[in-house]
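Keep the structure open as you read.

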Amino acid sequence: MAGFTKPRHIHYLRAPFSNGPGKVPMKPIQMVDLIGQYQKIKPEVDAAMQQVLSTAAFINGPEVKELEKELSAYLGVKHTVACANGTDALQIAMMALGLKPGDEVITASFTFVATVEVVALLGITPVFADVLPGTFNLDPADIERKITPKTKAIVPVHLFGQVADMDAIMAIAEKHGLFVIEDNAQAIGAVYTSKDGTRRKAGSIGHVASTSFFPSKNLGCYGDGGAIFTNDDVLAGKLRKICNHGSDVRYYHEVVGVNSRLDSLQAAILRIKLKHLDQYAKERNRAATHYDNAFASLEHIAVPERSSNSTHVFHQYTLKVTGGHRDGLKKHLEDKGIPAMIYYPVPCHLQTAYKASRCPEGSLPNTEQLTHEVLSLPMSTEMDNEQLSYITEAISSFINA
Ligand SMILES: *Cc1c(COP(=O)(O)O)cnc(C)c1O
């Protein structure tokens, strides 16, 4: 049929909107580009989803079991228990460890609220320790200061993609007989090197660990999802039972449990994304290096410090903006179409819901200072050099103005 030719008009249509001769307009900048990432794996993902639809094994189907095996192999842990989200993962870990009202759990105040919420929901007392201003991760010295006879566990959060000082934290835990629950929602894939040279993945070091597959996480699905990791066979059994209404044998309930399961569709998507996870971390590091180089000598801007014993998977690329310029810079970037986020504007110990904790304002100086200085820049696997340069130029021009 005449008239049907190749869609050459696409080139023609672009020309009037381009920002230079023959140039395609810059992709709009988002904090995280999930659509761009999906486009690259679309055939694999769509086929895997079709496969689940054709079997109708929607909950805890074979895809979930395979994902659990693959995650265990990837992290180097004996057991992975998939569940409904990262918040449940933390709560189920605490239930399985037998933590109960009156117990104290030491964790960071500079974190997403989920970490603290589940402690409070279980009637456990959250006790906040300060973080180190460079890595944003828990300060072991402050953990030790917060230990009382009621302390039962420590929850390090591997914030923004870098592993906390696990050598020191595990040593404190051993000395005081405490459990360590790693909140690994933000650092899946990061590698920690201990003093003795042992290299282990985040989430395989403590007694138990949690992660989240929320879409924007480094290993994100297309809905909610989470998982719990442990090397302890007995604990793994308890975790599975609690996820499944406290039951191993259907309609027989030995303990109080919850309903927390992963959809097979999400598991199928995660199995594909897991194969790309290390490459995704490389892409994030490429963007981070671009940022680092551009900001190396900018006044008032501190690039994220790299821990000496952890790789960084850059869940977030978080600057510290000093001199009171943070909010002005954020506004300047927004005016230029660049999103930037403050993770986290209010620390948990100053949130209305958690004010009753024994941490008054002023008691966690590093945490409180950070809430005034941090600014997270767009970070995803899909950032191109044009976008990165546009962002770094916008920041330089603001600081040098
Ligand atoms: C995202 C996140 C969680 C909670 O995960 P959900 O899957 O959203 O429930 C917990 N802790 C931290 C540090 C997180 O970033």
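Which kind of link do the side chains of Glu66 and Lys69 meet in? They form a salt bridge, with 3.1 Å from N to O; the term here means a side-chain nitrogen of Lys or Arg within 4 Å of a carboxyl oxygen of Asp or Glu. Before going on, note that this is a predicted model, where local features need pLDDT of at least 70 and side-chain atom pairs count only at pLDDT 80 or more, while totals for chains, interfaces and linings use all residues. Residues are numbered from 1 along each chain as its sequence is written, and side-chain values use heavy atoms, leaving out hydrogens and water.

Back to our pair: Glu66 and Lys69 sit 3 residues apart in helix 3 (residues 62-75), so about one helical turn separates them. Helices (H or I, at least four residues) and strands (E, at least two) are DSSP runs, numbered from the N terminus. Glu66 is partly exposed at 29% relative accessible area, and Lys69 is exposed at 54%.

The whole structure holds 23 salt bridges. One of them joins Lys152 to Asp103, with the closest N and O atoms 3.0 Å apart. This one links distant parts of the chain, 49 residues apart: Lys152 is in strand 4 (residues 151-155), and Asp103 is in the loop between helix 4 (86-96) and strand 2 (104-108). Lys152 is partly exposed at 30%, whereas Asp103 is buried at 5%.

Now look at Arg326, in helix 10 (residues 326-335). Arg326 is buried, at 7% relative accessible area. Its side chain reaches two backbone oxygens: that of Thr371 at 3.0 Å and that of Val374 at 2.8 Å.

Finally, zoom out. The domain assignment, which is automatic or from a database, gives domain 1 (42-270) and domain 2 (276-399). Their contact (heavy atoms within 4.5 Å) takes 43 residues from domain 1 and 34 residues from domain 2. Together they bury about 3300 Å², 58% of it on carbon and sulfur atoms; buried area is the accessible area (1.4 Å probe) that two parts lose on being put together, summed over both. How many salt bridges cross that interface? The rule finds 0 between domain 1 and domain 2.

Technical notes: Buried < 20%, exposed > 50% of the residue type's maximum accessible area, 1.4 Å probe, protein only. Polar contact = N/O pair within 3.5 Å; in protein donor to acceptor, adjacent residues only side chain to side chain.
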